[in-house]
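Please describe how this model is packed. Cover its helices, its nonpolar cores and the surroundings of its ligand.

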Amino acid sequence: MSQPTDLKLQAVRKLFYPGTANEVVALDGVDLEVPVGQFVSIIGSNGSGKSTLLNTVAGMYPVSSGKVLLGGVDVTRQREYQRSRAIGRVFQDPTAGTAPSMTIEENLAISFMRERRSGLRLGVTNRRRASMRAHLEPLKMGLEHRLKAQVNKLSGGQRQAMSLLMATESEPSILLLDEHTAALDPKVAATIMDLTAKMVSERGLTTLMVTHNMELALRYGDRLIMMHAGRIVLDLDQAQKQELQVSDLIEKFHEVAGEAFAVDRLLLD
Ligand SMILES: Nc1ncnc2c1ncn2[C@@H]1O[C@H](COP(=O)(O)OP(=O)(O)OP(=O)(O)O)[C@@H](O)[C@H]1O
Ligand SMILES: [Mg+2]
């Protein structure tokens, strides 16, 4: 009847500096089930736990309590590298997803190598180059003509497009995007968002996308989650989301969180 679940969080709590005066409850009992292929947008105020949620899925640090299941497998005790094959990530910082001093083709060779386990050969053959061009062409950024260019010579948008390509190349079970367009100017951000939506739908990728931009959260994805103080305070499906505008979302936040917050950051990107 229902879709198989790709990601399941059960009563996840994450405390930093537990038992000290600096204790932070970053996640305070998060339950979340994401079916295969669902695209979830996540919004929430600063410090509400959005990045911690993504880091928890990726296994960057152990949870304090609760369970994390990926594709039905309990990965709660798995380290980050043990689940890295199942996870693709793109961060806010365009320099984070690629090796800056290496060329486009060297970067792609690494990500292709990871995927196909084709042995530790960094050599780039002509056949591989043709395949790389075929992957780069749909990005519509002309990168297919610049295989020998160093990545640190590319613009932020081009680098994020590369990061997206590399994060999705291994067909991960889940794609984690943490404000991946926030550091780009609005026009480039829109291009990267369209590219993201295209990749996600073409490959049917299960995706969690954190954004500060409510407009984006409403427009993209087929589910919208709002976090506050380490909890999921609002969870809207596609139909509910379609009915809403940014002003409704702000009002909803006030209802559930019982306080105002930095709305300006949520509107600007
Ligand atoms: N590695 C860490 N060490 C200590 N505290 C942390 C760490 N990561 C996050 N926190 C704390 O956990 C809480 C949640 O942080 P998190 O980064 O998940 O928020 P966020 O919703 O992503 O915020 P923002 O919108 O500012 O990115 C914050 O109080 C933060 O200071
Ligand atoms: Mg964050």
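In this predicted model, the buried residues of helix 5 are Gly 157, Gln 158, Arg 159, Gln 160, Ala 161, Met 162, Ser 163, Leu 164, Leu 165, Met 166, Ala 167 and Thr 168. Buried means under 20% relative accessible area, exposed over 50%, and partly exposed in between (1.4 Å probe, protein chains only). Helices (H or I, at least four residues) and strands (E, at least two) are DSSP runs, numbered from the N terminus. Since 12 of the 13 residues of helix 5 are buried, the helix is largely enclosed by the rest of the structure.

Residues are numbered from 1 along each chain as written, with chains lettered from A and ligands numbered from 1 in the order written. Local features need pLDDT of at least 70 and side-chain atom pairs pLDDT 80 or more, while totals for chains, interfaces and linings use all residues; side-chain values use heavy atoms, without hydrogens and water.

Next, the cores. A nonpolar core is a set of buried Ala, Val, Leu, Ile, Met, Phe, Trp, Tyr and Cys residues joined through side-chain atoms within 4.5 Å. The largest has 35 residues, of which Ile 104, Leu 108, Leu 136, Leu 139, Leu 143 and Met 162 touch the most other members. Helix 3 (104-116), helix 4 (126-136), helix 5 (156-168), strand 7 (174-178) and helix 6 (186-203) each supply at least two residues of this core. Helix 6 gives the largest share, seven residues. A second, separate core of 24 residues includes Val 30, Ile 42, Leu 176 and Met 227.

Leu 143 is in contact (heavy atoms within 4.5 Å) with Ile 104, Leu 136, Leu 154, Gln 158 and Met 162, leaving aside neighbours within four places in sequence.

Now the ligand. Of the 14 residues around ligand 1 (a heavy atom within 4 Å), Gly 47, Lys 50, Ser 51, Thr 52 and His 212 come nearest. The table lists polar contacts, pairs of N or O atoms within 3.5 Å.

| Residue | Its atom | Distance to an oxygen atom of ligand 1 |
|---|---|---|
| Gly 47 | backbone N or O | 2.8 Å |
| Lys 50 | polar side-chain atom | 2.7 Å |
| Ser 51 | side-chain N or O | 2.9 Å |

The protein covers 65% of the 630 Å² of accessible area that ligand 1 has on its own (Shrake-Rupley method, 1.4 Å probe). Strand 2 (24-35) and helix 1 (50-58) give two or more residues to the shell. Helix 1 has the largest share, three residues.

Note on methods: Polar contact = N/O pair within 3.5 Å; in protein donor to acceptor, adjacent residues only side chain to side chain.
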